[in-house]
Every structure is written in C-alpha cells, then in structure tokens.
Amino acid sequence: MPELRKCKNFNFREFKFAQTMIFAINEINKDPEMLSNVKLGYKIYDNCGTMDILRAALALVSGQKGEIRDDNCTRTEAVQAILGHSGSRPTIAFAEVVGRFQVPVISHFATCACLSNRKQYPTFFRTIPSDYYQSRALAKLVKHFGWTWIGAVAVDNEYGLNGIAAFIQAAQEYGICVEYSEAFSSSDPPDRLQRITEVIKRSTSRVVMAFMSHREIKLLASELHKQNTTGLQWVGSDAWITDHSLTDSEGHGILVGSLGFTVAKAEIRGLEEHLRQLHPSQFPGSQFVRDFWEDVFDCSLNDSTDTRRQPCSGSESLRDIESQFTDVSELRFTNNVYKSVYAVAHALDSLIKCEPGRPAFSNGSCADLKHVLPWQVLHYLSNVNFTTEEGERVYFNSEGDSPARYELVNLQITKRGTMEGETVGLYDASFPDSHQFIMNNIPVTWANGVTEEVPVSVCSEKCLPGTHKALQKGKPVCCYDCIPCPAGEISNVTDSIHCMKCPLEYWSNERRDACVPKAVEFLAYDEILGTLLVFFSLLGAFLTLTVTLVFYCHIETPLVRANNSELSFLLLFSLTLCFLCSLTFIGRPSEWSCMLRHTAFGITFVLCISCVLGKTLVVLMAFRATLPGSNVMKWFGPAQQRLSVLCFTLIQVLICVLWLTINPPFPLMNLLLYKDRIILQCNLGAAAGFCAVLGYIGCLAVLCFIFAFLARKLPDNFNEAKFITFSMLIFCAVWIAFIPAYVSSPGKFTVAVEIFAILASSYGLLFCIFLPKCFIILFRPEQNTKRHIMGKTSNNDIRY
C-alpha cells in the first residue's frame, strides 16, 4: 500500500479562505431573517494534492469519514453543497464526479473556462469570472498599449492551456501576434524550464503573457534572474498577479511593473476581528490550526513533534502581530468565499420559504425540509440573485458563471519594500465593447521600475501614412515591411493594409499621404518654349512688315513692278497673318481659341499659297505671251489674278465652315496621356476636317511647286520661279516632316510642333521669295534699273 502523502508547506491564503467561510456561516446563523430555525454546519478538509482533494470530495458526497466502499455506501451525512477548491485542476478532477450525484460545487478561485461546460459539469458554480472573460480582457489590455508582438507562457494543465488558448484566440481578433507559446509545470524536470528561459531570451518580443499559478511564476522568475534577463514587461493572470508570497521569492524584482486583472477589492466588516481572535484552543483536533500557529509564532505546541522550536508560552495572540493572515486591506478572492457561503444560504433560505401556492419544482411541490436533497438545493442555487452589503450584485448565468468584473493591477514596490498591486484600471464585460476597459489616472510602473515611457513590443514598426504593409514571407501578420505607395495612390492612415487610388483629376503628393489636383499643362506664354515661339512669331511678322515697307518705298522701281507688286503685297499681308496666327496656338485652350487657331491657320496659308501660285502662273504666262501672235496675258491679267486667289481661298473657307458646323474643335482635358498631370489641349473634333484643311494646302503647295519647277530656267529678269521652287521645296519638306512629328509628340509639344511648322514654312516663303529682292533693292540699287533689266533680257538666248 502506498504511504500517506504529506504536504510540503503551509498556505496562509487557503487557511484564510477557510476562516472566512467559518465567519460567514457564523454570521448567517446569527441572522434571524435568514434560515429561521435552521443552522448551517461545515466540514473542512486540509488535504493537499489532487488525489487527496478528490478523496475528500467523495467523502463529503458519501457522508463517510473514511474510505468509500460499495458495501457501506450511505448518504446519511451527505452535504448539500461543496465550496472550493481554489485551483482549477483539482476542481476539474472532482466536479465531474460529484456532479453525477447532483451536489452543487461553488468555487471562489477556479477560473478555467472549461468548467463552464454544463454538459460535463452540470452542478458547478463560481463567484469568480471565467478565464474566458479574463483572456479577452488581457487581450484588450495588450491592444490598448499597442503591444502586437508578445510571448506566452502557461502552466501545463487545464487552467493554463485553456486560458492561454482563449487569450491567443482573442489576441488574433485584435491583430496581436504571439511569437512563441510555451507551457511547463512546477513538477517538470529542470531542463524544460531552462529551455523555456532560452526561448524567452532569444525572442524579440518584450512583453510576456504568463497564464500560470504563483508556483510556476516563482520558478520562472528565479531562473530568469539567474541568467540576468531583464527588461521584460509581464502580463499576468489573476492566479499570481496579487499573490503576496511573490515578494519573498528569488528574483521577484523581474516582476516589478507587471500588469494583470484580478477581482475587485471588497470590505467584510467584522472579519478582521474574527481572524485576530483565532486560537488553537478553538480547534483542538485540527492539525491545520496547529501548523498555522507554529509557523506564525515560530514555536512548538505541547503535542507537536517538532523539537527544533521552543515551546509556545500560551500568551501568543494574533492581535499583537501584522501578517498576511490578518491583513484585510485587500480582500479580493476572500470576498468570493464570503459570497459563495451567502449564495448557498440564500438558496437554502428560498427552499425553506417555499410556499405551497407557489411551488418551485416542475411537479408543483416544495422540498421536504426533513429530507432536503442536493438537487433541490441546486435548483434554487441556479436562481440566486441578491446584493451584498457593499452593493455588489451576486447571481449566476446559465453556465454557472458570475459577472465578469476586474480591476487592473500594477505590481509596484511600496515604501516598506514589499511588492503590492496598485489598481490602475477597471474592466466590466457587461458594458458595451468600447467602454469595457477604463484606465484610472494613476501612474503605471513599467518593467524595471520605469514610469515615464510605455514599453514597445512590436515585430515591425508602424507604417506611416504614405506607405502600406507588405507581409514578410513565412512570418506572422504582425511582421511586415513598409512599402511606399505607388505614384497615384495614397494611404492617409497609419498601418494601412493597401493604398487607395486617387480620382482621375487628382494625383498623389510627394509623401503619398494625400491626393492633390493634377497640374494642368498647356503651352503657356510665360514658359520658355512659349516665349521663344512668341518671339519668333513676332519677329517673322516684324520682318514681313519691314519687307512690305521696303517694297512700298520702292514701289516704282523696276524690280518691284516687274515682280507683280499687287500679288507681292497680298503675299506679304498673308505671311504676316501666318506669323500672327501661330499666336492663337499658345495659351490656355478655350472653345473660341480652338476653333480660331485651326481655321485661321488653314485660311491664311491658302491665301499665302494662292498668292505664290498666282505669281508662278504670272511668270509662266508672261513668257507664253512673248510668243508671236499670243494674247494669253489678256486672260490672266490683274483681275483674273485677284479672282484666282479669291476662289482658291473661298474653297478653304468653305471647308472650314463645314468643319465648324459638323464637328468643330473643342478644348479637352486629356487624362490618359500622363498619369501625373492633365494636358489641356484642343480636340480636332472631326479629324476629317483637319485632314481636308491640310490636304487642300498640300495640293496647292504641290501644284505651285510643279509650276515653279517648270519655270525655274526662264530668263532672270522676269523669273522668280527658282526662288518659289526653293520656298515650295522647304514648305513641302516642313509639312511632310510635320505629320509624323505631330502624331508622335506628346502633350503640349504637339502644339509646339504645329507652331514650328507654321513658322518654318512662313520663314521659308519670306526668305526665299523676298530676301533676294530686298538685297538688290537695298544693297545693289544699280541693278534695280530698267536698263539693267532690259539689258539682261537681250543677253538671254530664249528659244521657243
């Protein structure tokens, strides 16, 4: 047979819980309004270890003081409810068993969420919230401080594993990543604890979530202290965050600044007096009380086997000392014991006060007060709803859980040198989600005693506006790179997942955090290219007017008269218009400017080419008229020349009118050519109209070039055909090159190419036709005489 196991140490907290239960039972028995003519009794088992606790629970159910056997099983002394245990693992072990006997189990400290399973634990209740709510509260706490990269350590049992699993699930909902998740138990070999400490040391997260009891956290803190591991921010579960024994453990300084949720503090009037008047004489048969007394006063009672201590004098009293046992300044879990006792008392009170007209059970009956059964107590316990003297409402939901209300505790070093919990926040799960967690205006002490700066624990720094997250391959979602938004896209919030495209008329700024209106681009007067084109346009017009003035001043000279002065002046006038019409292509396009620029260009150039064509025909007709008997010049006199120019021009005017009538040019905002700016340009409207205008000009230019080419070898006196040939050659070359350049030029350069073609062809006509004549008029006046012209004529050998 195995030997009876012995407990290794004494737990002051558990003894305080037991004394609180006794105090509450005595208080209820003295209350005349509750349980009239009925007194509550109790049995307290002081065993340790899950197997001993299970044996004690079965003894309570069976009513036997010894072992349970099939041949002597009886219910004569069976209890109506079991209070305890403090731990989740022992509670899980016996709650399922005693639940088969319909005996209610009420725990003040077992927080494992698994105990809320009504199918597996149908008779379990608790006056402490489930770890499900604590886990979600802890996840919300981590999110509140911006910790997205944390480690998790749990005790290797149902309490720790279920609690950390619920926390990880809630953390993932809040976008928090867990770098590692480890579990160990105080009974594990040392090498497992060392392996976990190595994982913590190598990790990059600075926040550790510890879901364990005070035994495991002491071992972990001691091992980390030996390895000089500091700077970790601990977040703890209620099982250890307010345990006073942490102060006496090795390396407890590592835990300074820890945060965790625990049940709210309460005040129980009269409890301190009850605790201080405790004496072994009140419980002469309790080894538990004797062990407590000897441990507190470090003495040995008469019947004790400990010979290393001095005998107790008998004058020892708890009234004269300050200890954890008598300290009632922070009654948290102790208040849960107090509420558990009153919950059973209220259930029994309701059972006793059942009225025949208002039956409690489904069969329409009340309980037999002489034979009260546990399932009847269970029925009333499920419907308990009362308010304590401090105003706290006590009830159980359908799963046997109490309302989830917590205080956020921060472990700080007091002036006495002890580590105690300071309440710095509140959590109430009954409130709306956005108001469940509230921080008080109390400074928080962080890891290593720092209060000024909140620790940072992230896998990647926040992505500023203008960038977006890009997940790192093979790593959790909290590990990412911050990629700048592409051109034309923005992100205006921190940690943006993706970039938003700007509307068509907007573009992203340099920081990629806002959409700004796109720059509108057109060939403007105030830019360098526009200014140069305006300069050459005005220069061309000025030179044309200068030539006109020269010709006008020498209008009676033979050279001017011999070159058809009327057509020359009309040609100079049209060239002036050609130079000036290029100005209509510069500046912000409007509805009128778009229609004017192309029609003015088409008409003026036709007028110009018509004059050149007329001059070429005059040269040809003049030499045709020198043939004997020819009277061809009478059919091509001044009137006919004017009429031909007018007819050629009217045809172009008709083409332009049809173009403007059917589908005229109009201003257009081109959003497709460039992504970052808008090109304001003139749309041609009917492209066929533009082609007809250019085609007509081209036909006249080719016709003029042919006639001039045929007349290029006629006598020099009358012959300006060679100059017209060169001018038409330049003209045609310019406009042939214009077509591919126009099509391939982007944006405002399309307009610049068109202006360049206009200016180049105009300068070609001006210089080729009029520059030789001006040179003779101004610098060779001796050649500008009738005799000279006639003399050259007689020297030419003209063959017909």
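Guide: Helices here are DSSP runs of H or I, at least four residues long, numbered from the N terminus. By that rule leucine 532 sits in helix α12, residues 528-553. Keep in mind that this is a predicted model.

Visitor: Is leucine 532 buried or exposed, or something in between?
Guide: Leucine 532 is partly exposed, because its relative accessible area is 44% and buried needs under 20%, exposed over 50%.

Visitor: Zoom out. How many helices and strands in the chain?
Guide: The chain has 20 helices and 24 strands. It runs to 800 residues, and 48% of them count as buried.

Visitor: What share of the contacts join residues at least 24 apart?
Guide: 66%, counting contacts between residues at least 6 apart in sequence.

Visitor: On to the inside. Which residues touch the most other members of the largest nonpolar core?
Guide: Met728, Phe731, Trp735, Leu765 and Phe770 do, in a core of 66 residues. The elements that give two or more residues to this core are α12, α13 (558-562), α14 (565-581), α15 (591-625), α16 (638-662), α17 (687-710), α18 (721-744) and α19 (748-779).

Visitor: Which one gives the largest share?
Guide: Helix α19, with 14 residues.

Visitor: What is methionine 728 in contact with?
Guide: Leaving out neighbours within four places in sequence, methionine 728 contacts Ile609, Val612, Ala701, Cys704, Phe705 and Leu765. Another core lies apart from the largest one. That other core has 59 residues, among them Ala137, Ile200, Leu220 and Val409.

Visitor: Back to α19. Where does lysine 748 lie, and what does it contact?
Guide: Lysine 748 lies in helix α19. Beyond neighbours within four places in sequence, lysine 748 is in contact with Glu521, Phe522, Leu523, Glu527 and Ile679.

Visitor: Why does lysine 748 count as buried?
Guide: Because its relative accessibility is 15%, and the cut-off for buried is under 20%.

Visitor: New topic: disulfides. What does the count come to?
Guide: The count is 9 disulfides. One of them pairs cysteine 112 with cysteine 114, with sulfur atoms 2.4 Å apart.

Visitor: What about cysteine 485? Which cysteine does it pair with?
Guide: Cysteine 499, at an S to S distance of 2.0 Å. The angle about that S-S bond is -80 degrees, and the link is left-handed. Cysteine 485 is in the loop between β17 (480-484) and β18 (489-490), and cysteine 499 is in the loop between β18 and β19 (500-501), so the pair ties together parts 14 residues apart in sequence. Cysteine 485 and cysteine 499 are both buried.

Visitor: And the disulfide of cysteine 502?
Guide: Cysteine 502 pairs with cysteine 515, sulfur atoms 2.0 Å apart. The torsion about their S-S bond is about -90 degrees, so the disulfide is left-handed. Cysteine 502 is in the loop between β19 and β20 (506-508), and cysteine 515 is in strand β21 (residues 515-517). The two are 13 residues apart.

Visitor: Are those two buried or exposed?
Guide: Cysteine 502 is buried, with a relative accessible area of 13%. Cysteine 515 is partly exposed, at 27%.

Notes: Residues numbered from 1 in each chain as written. Predicted model: local features only at pLDDT ≥ 70, side-chain atom pairs only at ≥ 80, totals over all residues. Heavy atoms only, no water. Buried < 20%, exposed > 50% of the residue type's maximum accessible area, 1.4 Å probe, protein only. Core = buried A, V, L, I, M, F, W, Y, C linked by side-chain atoms within 4.5 Å. Contact = heavy atoms within 4.5 Å. Disulfide = S-S within 2.5 Å.
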